[in-house]
Amino acid sequence: MRAGMELRTWLCPAPDVALPRPSRRPPDRVEASAQLALLSRRCAWFMVLPGRAMATFRLALIQLQVSSIKSDNLTRACGLVRKAATQGAKIVSLPECFNSPYGTNYFPEYAEKIPGESTQKLSEVAKECSIYLIGGSIPEEDAGQLYNTCAVFGPDGTLLVKHRKLHLFDIDVPGKITFQESKTLSPGDSFSTFETPYCRVGLGICYDIRFAELAQIYAQKGCQLLVYPGAFNLTTGPAHWELLQRGRAVDNQVYVATASPARDEKASYVAWGHSTVVNPWGEVLAKAGTEETIVYSDIDLKKVAEIRQQIPIFSQKRSDLYAVEAKKP
């Protein structure tokens, strides 16, 4: 185990499980490794950072009606963040492109530096409300390149992580939708996680959710909640939006949350809406309609441990046959 970590909680070992008996002599490195491997197969256990004891928290997803006026979007977004905090939310997420309309022609016009106007507002409201704020995404300009970027702020207003969308939305469904983010955007090149007193959180943006490997790597990194601000459309939304979320949740035995903009039928790109929270069993815990709203869900991390004990896929993987691994930290 890593230095500074301790084994805190054993969850319901089966009565017929024979646990390793303590020895009077300190186990050598090989014995210790074997004992931990046996325990991880037979019981659901946590490796918990000191002080991390909170297993439940309230998550809020803000399904914002995005307009063409950036200042209005920022004002309304911050107002809804405050409202979510008054309802007990500890982690709050805004939707993809919350400060601008979604479209390749809008990205250059609305792009800004980080830190900048939008992220400064997010930092201030996160500190004011003492919450973890996942800032949906905004068009970011950096060194002449544009990115679709999610900035996350802690309860003290500090920027915790900046996730640049890894997989650009380039699709062509004949007769229905053609879109090419790569016309104006560049992809990110790093994984993005952040720590809370509750759990580690992994980030993706919209199209990132289609790539199962990303979610698997986040699970390997210890994430128990994956959050994807996203703006699926009226073609991909009804077909794949909920399906992908439930798939990522079940495959990795984690909570998955998606935050969409509200639907605007007059927009050039019409978002699907239906911001959603799914538990590790694949059950939909909360789901919005198409209008502007806040979706709340009380997350119980004990559910993650229970399901991983009942269906122990992580200890059953055939690493001798296959592997998914990160090529960068």
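Colleague: Why is Ser-130 called partly exposed in this model?

Modeller: The relative accessible area of Ser-130 is 47%, and because buried means under 20%, exposed means over 50% and partly exposed lies in between (1.4 Å probe, protein chains only), Ser-130 counts as partly exposed. The model is a predicted one, in which local features need pLDDT of at least 70 and side-chain atom pairs count only at pLDDT 80 or more, while totals for chains, interfaces and linings use all residues. Residues are numbered from 1 along each chain as its sequence is written, and side-chain values use heavy atoms, with hydrogens and water left out.

Colleague: Where does Ser-130 lie, and what is its phi?

Modeller: Ser-130 lies in the loop between helix 4 and strand 5 (132-134), where helices (H or I, at least four residues) and strands (E, at least two) are DSSP runs numbered from the N terminus. Its phi is near 55°, a positive value in a residue other than glycine.

Colleague: Is Cys-97 buried or exposed, and how do you know that?

Modeller: The relative accessibility of Cys-97 is 2%, so Cys-97 counts as buried. Cys-97 is placed in the loop between strand 4 (89-93) and helix 3, and although Cys-97 is not a glycine, it has a positive phi of about 45°. Over the whole chain of 329 residues, buried residues make up 48%.

Colleague: Why is helix 2 called roughly parallel to helix 4?

Modeller: The axes of helix 2 (residues 70-86) and helix 4 (residues 117-129) come within 10 Å and cross at roughly 15°; these axes are lines fitted to C-alpha atoms over the stretch in contact, with angles running from 0 to 180 degrees between N-to-C directions. Angles under 35 degrees count as roughly parallel, over 145 as roughly antiparallel, 65 to 115 as roughly perpendicular and the rest as oblique, and therefore helix 2 is roughly parallel to helix 4.

Colleague: Which residues make the contact between helix 2 and helix 4, and how do they divide into nonpolar, polar and charged?

Modeller: With contact meaning heavy atoms within 4.5 Å, helix 2 contributes Lys-70, Leu-74, Cys-78, Val-81, Arg-82 and Ala-85, and helix 4 contributes Glu-117, Ser-118, Lys-121, Val-125, Glu-128 and Cys-129. These residues divide into 6 nonpolar, 1 polar and 5 charged, where Ala, Val, Leu, Ile, Met, Phe, Trp, Tyr, Cys and Pro count as nonpolar, Asp, Glu, Lys and Arg as charged, and the others, Gly among them, as polar.

Colleague: What makes a set of residues a nonpolar core, and which residues touch the most other members of the largest one?

Modeller: A nonpolar core is a set of buried Ala, Val, Leu, Ile, Met, Phe, Trp, Tyr and Cys residues joined through side-chain atoms within 4.5 Å. The largest has 44 residues, of which Phe-57, Leu-59, Ile-91 and Leu-225 touch the most other members, and its largest share, 5 residues, comes from strand 13 (residues 223-229). A second, separate core of 25 residues includes Leu-64, Val-66, Ala-77 and Val-81.

Colleague: What is the peptide bond from Ile-114 to Pro-115 called, and how do you know that?

Modeller: That peptide bond has omega near 0° and is cis; Pro-115 has its place in the loop between helix 3 (107-110) and helix 4.
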